[in-house]
Amino acid sequence: MSARENILARIRAANKTANIDDVMDGAVADRLGSPPISALPKLDWESEVHFKLRCKESASSLDEIARIEELPSAVNRYLSKNVLPNKAVCWPEFLNLSWAAEGIQMESRGAIGDDKVGLTGSYCAVAETGTLVLLSGPDSHATTSLLPETHIAVVQRSRIVKTMEDAWRLIRGEVGSLPRQVNFISGPSRTADIEMTLVYGAHGPFRVHVIIIDQ
Amino acid sequence: MELTSHQFKSVSSAKLKDVKLQKALYQAKDGFVVSRAKVVAELDNFEEIRQAAADVRDHCLAHLDLYLEEWEKQAQAAGTIVHWAESYEELNALVVKIAQDNKVKKIIKSKSMVGEETGLNQYVEGHGIEVKETDLGEYIIQQADEHPSHIIAPATHKSKDDVADLFAEKHQRPRLDDAEKLTHEAREILRPHFLDADMGITGANFMIAETGSTVIVTNEGNGRMTTTMPRVHVAISSIEKCLPTLDDFALIMRLLPRSATGQVISNYVSMTTGPKRTGDKDGPGAFHVIILDVGRTRVLGSELREALRCIRCGACMNHCPVYQNVGGHAYGWVYPGPIGSVLTPAYNGIENAIDLPNAATLCNQCGVVCPVKIPLPDLMRKLRERQYEKNLKSSTEKWSLRFWAYLALRPKLYSVVTRVMARAGKVLGGDSRRIKRMLFAGQDWTRHRDLPAPRGRTFRDIYINKNKTANR
Amino acid sequence: MRVGLFVTCLADLMRPSIGLAAVKLLERAGCEVVFPESQTCCGQPAYNAGDRQSAQQLARKVISEFADVDYVVVPSGSCGGMIKTHYEDLMSGLPEHRVKAQWLAARTYELTDFLANVIDMNSFDTAFQGTITYHDSCAGLRELNIKDQPRKLLAYLPHVDLKEMAGAEQCCGFGGTFSVKYGDISSRIVDVKCDDVEATQVDALVLGDLGCMMNIEGKLRRRGNHKTKVLHIAEVLTGLVGDETE
């Protein structure tokens, strides 16, 4: 017998020995078919307000714009203020904005080791934890939010959901099966592995800047 | 990993005298305990969520065969290559085979406790393949050629100065003096490895049956690198890490970061389902998952079953008065603290870790913080019962307790013996009313502290005599 | 109301004033105190050492000794916790005794819990005065939820000032046989506790468990601290301290 068969047989035997009375016919199929939500906290806050609060707590900075056309100037504002290079890589959806007018050299491709600034969109955001949800795909490189020292992310105001459960519901409904990777990102990379001292920029970005957009 | 739990007593005594370690443990305790308390208090229904999480874990374990089969089906549908391993050797050999089949020369690794169990790094390096740990703590430990002392903060026993010396030596660069600079030096050293490694190895915090996904939860971003940059990704996990659905995972995620690091959420939660898709510009071309069962099914069919609920947050050790003072290495295996005192004997044989279930005050500081309500003191007590049955207890302990029980079951004899003890104790205590030195088993008490002396008469003698007088 | 006093083996042998103080409190509350003279030990040492059989025999003995009272009161969170939360497990497989264990558990109260929640006692006859800090013993706190009860009772004493210490809920490192089997570790844990006590600079450390009491008092004295009194809460509430009972 294969390792797989042996292990599964041992699990069945163990559960029989332990006399588990959780065995209802179809319990597993039911749970997988329509996943129940077991317990939620109170969530007595307004999503956008809470999202912003949590972003700040996790050391992300914030900005807001009304229209996508305002994105280049918002990015420029952020880069100038923080004295960061005006050269960036982005997801294809943002390439056709007027970057040159703002003096920003923008390329649409996945990030490589030397890129300093990465601009991404986001699938949705989770207010409860101040989290960006990014799905990998042909037009949403995972490296853009990972390799550069600065990650700028655009979040649509209408897509700030309350909880991770809500994000899953959205993904199940709109996308169906999961992409290669779903990344939940909450602020810049960090570690406290040396004497519990919090340090940003362990391996991922040192900074995360969230730009909320109306449309 | 080699088991050294039988040395618990001597190692823990040495650790108590290690001044540097004591300072590090003190800092860690403060950090973990205080920050956890803060974010737990913020959830209005923490106890309800905790119960729901325990129920989900129990439900999943009760149908583990079905959920693992479903997980495998979904994973394979997404292109994941699934392997099963029944021994450490089998898992290690599978990893090396995958590496060799893919002509891998360099591996980057994100933290995995299963990998610590199997001794993976040593095995892989033995086959001429380079392995770089990338979690900062694990990287420090690997450079120092040590084992982790904590499941989420592997280098918590090392001071900043230790790390500064270590990096200066290993990196051949000027010695740095603060945590930020040291962290950034490690970033700089490791970055090229992320970019040119052929294969990435990660653990998996969970496997989601609904979608056939594996999840890793990290703060540093090394997990994302490891699952995205190399052309081959291998995730190693064990059967009990299964969760039914994405919503069950969301539930658990309210507890894991809070209990582990006192965060509302960890920085990066990365859920991987299969290798690179058509059109994807990044991600590995091949994704393998190896699922291990060493000891797990044995525990599943035993009275220790609840230990398999564990989600590896480390809260039990952070809150354990014993761990807080001796650190993780004293426990002598992969998992320290209360959960280790259960899993180590459960996976390695109770005769090989006699001290662990006994080296606990049963204060239940672990049990009340466990996010999945594992009754850790009860499980330790059950292990003590098995030790007693198998005659593994020290004869001094066994006979003194038997003598006590013999006495306590014979009230008349008991009252005479305690009367004598109360009188003798008073005499021994003298004017200071303290016994400073006792013999036999008592010397283990008075080596460290005085014994407040008995007062000369037992309560029963005083009380019964008083009542007689009153009734006369 | 017939109240059975389970005085505990440690109070009986080491510090009878605790038992006398408990009797005084219960009588003041109007209870008829019953003291079954054959009582000895609750069985916890055997239970925690893995000797289930001895523990079971002792538990059955306790159950039979307190079969005809309305309540059982125990001046110890540890022994109270044993009866209230572990006897039932100990009798699993013995359905008849299990029912009796449940019966007893439902009637058993730790002393301060009984005084605060059953009697709602609010006046005390005690000469004790001074500043104190309270150590929450592990079993009392985490098995029986004893936290507010002693503080509520102490608040009725006009001349007692409670000053909380850091780590009041932290284990003192006693742990029964742990204190001798792993003496080095136990000693370190109780050292930390003594530091916390001393940092408050109070006159007395007050607590509700004999095990912790012997451990912490023994350590304070060994450290050369002869000043900080270590008292059971029953002693504080009655003014009956160790010396007056000889």
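**Exercise 1. How much area do chain B and chain C bury between them, and what percentage of it lies on carbon and sulfur atoms? Describe the contact.**

This is a predicted model, in which local features need pLDDT of at least 70 and side-chain atom pairs count only at pLDDT 80 or more, while totals for chains, interfaces and linings use all residues. Residues are numbered from 1 along each chain as its sequence is written, chains are lettered from A and ligands numbered from 1 in the order in which they are written, and side-chain values use heavy atoms, with hydrogens and water left out.

Step 1. Taking buried area as the accessible area (1.4 Å probe) that two parts lose on being put together, summed over both, chain B and chain C bury about 5900 Å², with 60% of it on carbon and sulfur atoms.

Step 2. With contact defined as heavy atoms within 4.5 Å, 65 residues of chain B and 66 residues of chain C take part.

Step 3. A salt bridge requires a side-chain nitrogen of Lys or Arg within 4 Å of a carboxyl oxygen of Asp or Glu, and 4 are counted between chain B and chain C. D450(B) forms a salt bridge with R222(C), in which the closest N and O atoms are 2.7 Å apart.

**Exercise 2. Locate T40(C) and describe its surroundings.**

Step 1. T40(C) belongs to the loop that lies between β2 (32-34) and α3 (44-49) of chain C, where helices (H or I, at least four residues) and strands (E, at least two) are DSSP runs, numbered from the N terminus.

Step 2. Its relative accessible area is 2%, so T40(C) is buried, a class that means under 20%, as against exposed at over 50% and partly exposed in between (1.4 Å probe, protein chains only).

Step 3. Beyond its neighbours within four places in sequence, T40(C) is in contact with residues including P411(B), Y414(B) and R460(B), as well as F6(C) and L58(C).

Step 4. The side chain of T40(C) reaches the backbone oxygen of A408(B) at 2.7 Å, and also makes a polar contact with the side chain of K61(C) at 3.0 Å. A polar contact is a pair of N or O atoms within 3.5 Å; within protein, one must be able to donate a hydrogen and the other to accept it, and residues adjacent in sequence count only if both atoms are side-chain atoms.

**Exercise 3. Characterise the interface of chain B and chain A.**

Step 1. Here 105 residues of chain B are in contact with 74 residues of chain A, and the buried area is about 7500 Å², of which carbon and sulfur atoms give 56%. R187(B), R224(B) and D247(B) supply 10% of the area that chain B buries against chain A, more than any other three residues.

Step 2. The interface holds 11 salt bridges, one of them between E128(A) and R254(B), whose closest N and O atoms are 2.7 Å apart.

**Exercise 4. Trace the sheet that contains strands of chain A and chain B.**

Step 1. An open sheet of 8 strands with mixed pairing runs in the order β8(A)-β5(A)-β6(A)-β9(A)-β9(B)-β6(B)-β5(B)-β8(B), where two strands pair if DSSP finds at least two bridges between them. β8 (160-161) of chain A and β8 (242-243) of chain B stand at the edges, each with a single partner strand, so one side of each is left without a neighbour in the sheet.

Step 2. Between the chains, β9 (residues 181-185) of chain A and β9 (residues 268-272) of chain B run antiparallel and are joined by 5 bridges, with M271(B) as the bridge partner of V182(A).

Step 3. Within chain B, β6 (residues 213-218) pairs with β9(B) in the antiparallel sense over 5 bridges, and T272(B) is the bridge partner of T214(B).
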